[in-house]
Amino acid sequence: MKELVKEFSWSKSRDIVFRECARKYYFNYYGSWGGWKFDAPERTRQIYMLKQLKNRYMWIGEVVHSCVERGLVNIYRGAALPDIEEVIRLARKVMKEGFLSSRRKRYLSKPRTCALFEHEYNIDIGEEEWERLFDYAEKCLRNFYASSCYQELSSLPQEHWLEIEQFSHFWLDKVKIYVTLDFACRKGKEVFIYDWKTGRGGNTESDNIQLACYALYAMEKWKVSTADIRTIEYNLARDEMCEFPVDGEIIKGVREYIKESVSSMKAILRDETRNQAVETDFPKTGNKNICMQCNFKKVCTAANNEVQSPSAAKPGKPRTLSLFKL
Ligand code: SF4
């Protein structure tokens, strides 16, 4: 089998981690590398496992995204329009199975299965909170399937569909830039790019940079001008659509932004050409709030970088839950 190469690349999510804490960035993109191998050092395996953790909000967002994606893919393949009650039933089933698998800490032996931050760090948030989150996911899905956006997309001719949640990339100054567009299609000569949001917050500057990256990708991939690109953020929780304008200035700005971010990331590497990094070169943030929510706090604060025993070695006593409405 071909050996995976740890090549340098850029993405908005990578940039976010780098800005939060350089040490966290190191753990995510360097310290975890190779942790999937059976003969990897114990600390590397642990960092790789911690990298997979998602907090409850991220997890719920991912479940909603994948339900929307599955629905759209089915429409694209010519299947009948999904019944919303069946969509909700499946989403709740996925959440229940993921929750139980994570609570049993199955991710310790199967790192790609559902791994929740709250379980790894033994944060008891209470049954009502989990129930509230599952209801929240249901609300997002009901909003989406009842929306005019969905009605319009589901009647779009197949040849107008461009991408659905595809892990893609483009190049900028010989650096691979990764993007995943939630949905893209053509309407006339225009390319529409949709971004589904599940958080309660409004549109942020970071979101706008992400949308501008998508526009840059669309220009390269589908050879369209900025005048023919429409980037739309649809907040599923609030059932609100918001269009982000794209023009030459914004594209120039995002190119500069990426170049500066790439240059800061490369400057901290021990060997830029071989993309090699040394943990102690990456300073830790002084922001305790970021540390509180960091996947890697277990390895980061371990004295002398020794590996702490995963809490998972002592799984908590399973509780009987009544929260899943199946
Ligand atoms: S625990 Fe804090 S300092 Fe350590 S990697 Fe995480 S965010 Fe950075």
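This report describes helix packing, salt bridges, cysteines and selected loop and strand residues in a predicted model.

Residues are numbered from 1 along each chain as its sequence is written, and side-chain values use heavy atoms, with hydrogens and water left out. Because the model is predicted, local features need pLDDT of at least 70 and side-chain atom pairs count only at pLDDT 80 or more, whereas totals for chains, interfaces and linings use all residues.

**Helices**

Helices (H or I, at least four residues) and strands (E, at least two) are DSSP runs, numbered from the N terminus. Residues are called buried under 20% relative accessible area, exposed over 50%, and partly exposed in between (1.4 Å probe, protein chains only). Helix α2 (residues 22-31) is largely enclosed by the rest of the structure, because nine of its ten residues are buried. These buried residues are A22, R23, K24, Y25, Y26, F27, N28, Y30 and G31. The elements that cover them include α1 (12-20), α3 (42-51), α10 (248-267) and α12 (297-300).

Helix α4 (residues 56-76) packs against α5 at an angle of about 140 degrees, and their axes are 10 Å apart. The axes are lines fitted to C-alpha atoms, for helices over the stretch in contact, and angles run from 0 to 180 degrees between N-to-C directions. The crossing of α4 and α5 is right-handed; a crossing has this hand if the near helix is turned clockwise from the far one by less than a right angle, and is left-handed if anticlockwise. On the α4 side the contact (heavy atoms within 4.5 Å) is made by W59, I60, V63 and C67, and on the α5 side by A91, V94, M95, G98 and F99. Of these contact residues, eight are nonpolar, one is polar and none is charged. In this classification Ala, Val, Leu, Ile, Met, Phe, Trp, Tyr, Cys and Pro count as nonpolar, Asp, Glu, Lys and Arg as charged, and the others, Gly among them, as polar.

**Salt bridges**

The structure holds 29 salt bridges, each defined by a side-chain nitrogen of Lys or Arg within 4 Å of a carboxyl oxygen of Asp or Glu. Three of them are set out below.

| Pair | N to O distance |
|---|---|
| R92 and E138 | 2.8 Å |
| E97 and K93 | 3.1 Å |
| K197 and D207 | 3.4 Å |

R92 forms its salt bridge with E138. R92 belongs to helix α5 (residues 84-103) and E138 to helix α7 (residues 127-146), so the pair ties together parts that are 46 residues apart in sequence. R92 is buried, at 4% relative accessibility. R92 and E138 also take part in a network of salt bridges that links them with E85, D135 and R142.

The pair E97 and K93 lies within helix α5, with the two residues four apart, about one turn of the helix. E97 is partly exposed at 46% relative accessibility, and K93 is partly exposed at 36%.

K197 and D207 meet in a further salt bridge. This pair links distant parts of the chain, ten residues apart, with K197 in strand β4 (residues 190-197) and D207 in helix α9 (residues 205-222). D207 is buried, with a relative accessible area of 14%.

**Cysteines**

A search of the whole structure finds zero disulfides, a disulfide being a pair of cysteine sulfur atoms within 2.5 Å. For C149, the nearest cysteine sulfur is that of C185, 8.6 Å away. C149 is buried at 2% relative accessible area, and C300 is buried at 17%.

**Loop and strand residues**

N122 has a phi near 50 degrees, a positive value in a residue other than glycine. N122 lies in the loop between α6 (117-120) and α7 and is exposed, at 55% relative accessibility. D173, which is not a glycine either, has a positive phi of about 50 degrees. D173 is located in the loop between β2 (161-172) and β3 (175-187), where its relative accessible area of 53% makes it exposed.

T180 is found in strand β3 and is partly exposed, with a relative accessible area of 25%. Leaving aside residues up to four places away in sequence, T180 touches E165, Q166, F167 and Y214. T180 and E163 are 17 residues apart in sequence, and their C-alpha atoms are 9.0 Å apart in space.
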